[in-house]
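Here are a few exercises to work through with the model open in your viewer. Try each task before you read its solution.

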Amino acid sequence: MAYNVLIVDDSATMRALIRKVLVISGFDIGEYFEGANGREALGVLEHNWVDIILSDVHMPEMDGAALVRSLKEHEMWRHIPVVLITTESRPEVINPFLNLGVHDYIQKPFRPETIKKKLTGILGEAIAPDASETESCDF
Amino acid sequence: MLAKLKAVTFEVLETMYYLFPETLEEGEVVPARGPFLRSWVNIVGPQSFRIGLLVPQSLARKMAANFLGTNEEELSQPELEDILKETANMMAGAFLSKMDASGAFKLQTPEAQWLAAEEKGKRNPANRIRFEVDEELMELFVEKG
């Protein structure tokens, strides 16, 4: 199954790298979108369906935290999984994002297999049918 | 501190660039021709300091080509600067994580600067680590902010 991916990072080089790593990893990309900050990301979402968002933390205009807050306030976008791509793994940096509802984070430097495993795990969870609903189906 | 920084350098170069550095002892020489590209990240906190690296343009090209999977000839100077800035950023971030530094330490936006060979200068050996990377020189430094 192919997934639509949105990469948000103020560095065009980093966006290109993340895309390349996704391709190398064998992650099945449907449509690929990108934004240089949170505001551009929201603009992309206005017109396109996205399955997962990979976002930087520090960006001009609208940073990662502001982006996540906006997503969580929106009826359509609040369930889109967000994964942070960050240079840091210190709890003081990561925990506020997890509390905001970010699904997970990937620390740079990262390997293709790490990114694929994380994204597949998250999307697997996101699309897995609710067990209680499955049990209640009576064929 | 430098030992942790060294470990971080190996991790970043091997994982992101498929390059395998070797530490140079003091006095060991690797010929390096300019211009040089210097990138750094200021870390602000209870003690403010800066972590950075200095490489000749030729190595910056190799790193960028490996990083992006493109030909060295296709890369522009701003792209080389971007890659080096991102490298310094990754090293600084991984370093703080390895040091278990408190949240009071904040990474600033990475910066980069081109230097002619004569501007490269010499650093106090106590504050730098030199590597041979693919037969090129890379210098890593820590400075008080």
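**Exercise 1.** Is A:Glu61 buried or exposed?

*Solution.* Start with the count: A:Glu61 has 11 other C-beta atoms within 10 Å. Now apply the cut-offs: 20 or more other C-beta atoms within 10 Å of a residue's own means buried, 12 or fewer means exposed, and in between is partly exposed, with C-beta atoms placed from the backbone. So A:Glu61 is exposed. Last, check the backbone: its phi is positive, about 70°, although A:Glu61 is not a glycine.

A word on the ground rules: this is a predicted model, where local features need pLDDT of at least 70 and side-chain atom pairs count only at pLDDT 80 or more, while totals for chains, interfaces and linings use all residues. Residues are numbered from 1 along each chain as its sequence is written, and chains are lettered from A and ligands numbered from 1 in the order in which they are written. Helices (H or I, at least four residues) and strands (E, at least two) are DSSP runs, numbered from the N terminus.

**Exercise 2.** Describe the surroundings of A:Val5.

*Solution.* A:Val5 sits in strand E1 (residues 3-8) of chain A. It is buried, because 22 other C-beta atoms lie within 10 Å. Skip the neighbours within four places in sequence, and the partners of A:Val5 are A:Leu22, A:Ile29, A:Tyr32, A:Asp51, A:Ile52 and A:Leu54.

**Exercise 3.** How do H2(A) and H3(A) pack?

*Solution.* Take the axes as lines fitted to C-alpha atoms over the stretch in contact, with angles from 0 to 180 degrees between N-to-C directions. The axes of helix H2 (residues 38-47) of chain A and H3(A) come within 9 Å and cross at roughly 30°. That makes H2(A) roughly parallel to H3(A), since angles under 35 degrees count as roughly parallel, over 145 as roughly antiparallel, 65 to 115 as roughly perpendicular and the rest as oblique. On the H2(A) side, A:Gly38, A:Ala41 and A:Leu42 make the contact; H3(A) brings A:Gly64, A:Ala66, A:Leu67 and A:Ser70.

**Exercise 4.** Which residues of H1(B) are buried, and where do they lie around the axis?

*Solution.* Check the length of helix H1 (2-17) of chain B. Then list the buried residues: B:Leu5, B:Val8, B:Thr9, B:Val12, B:Leu13, B:Met16 and B:Tyr17. Looking down the axis of H1(B), they fall within an arc of 125°, so they line one face of the helix; the arc is that of the directions from the helix axis to the C-beta atoms. Their cover includes strand E3 (49-56), H2, H3, E6 and E7 of chain B. After H1(B) comes B:Tyr18, with a positive phi near 55°.

Definitions and conventions. Two residues are in contact if their C-beta atoms, placed from the backbone, lie within 7 Å.
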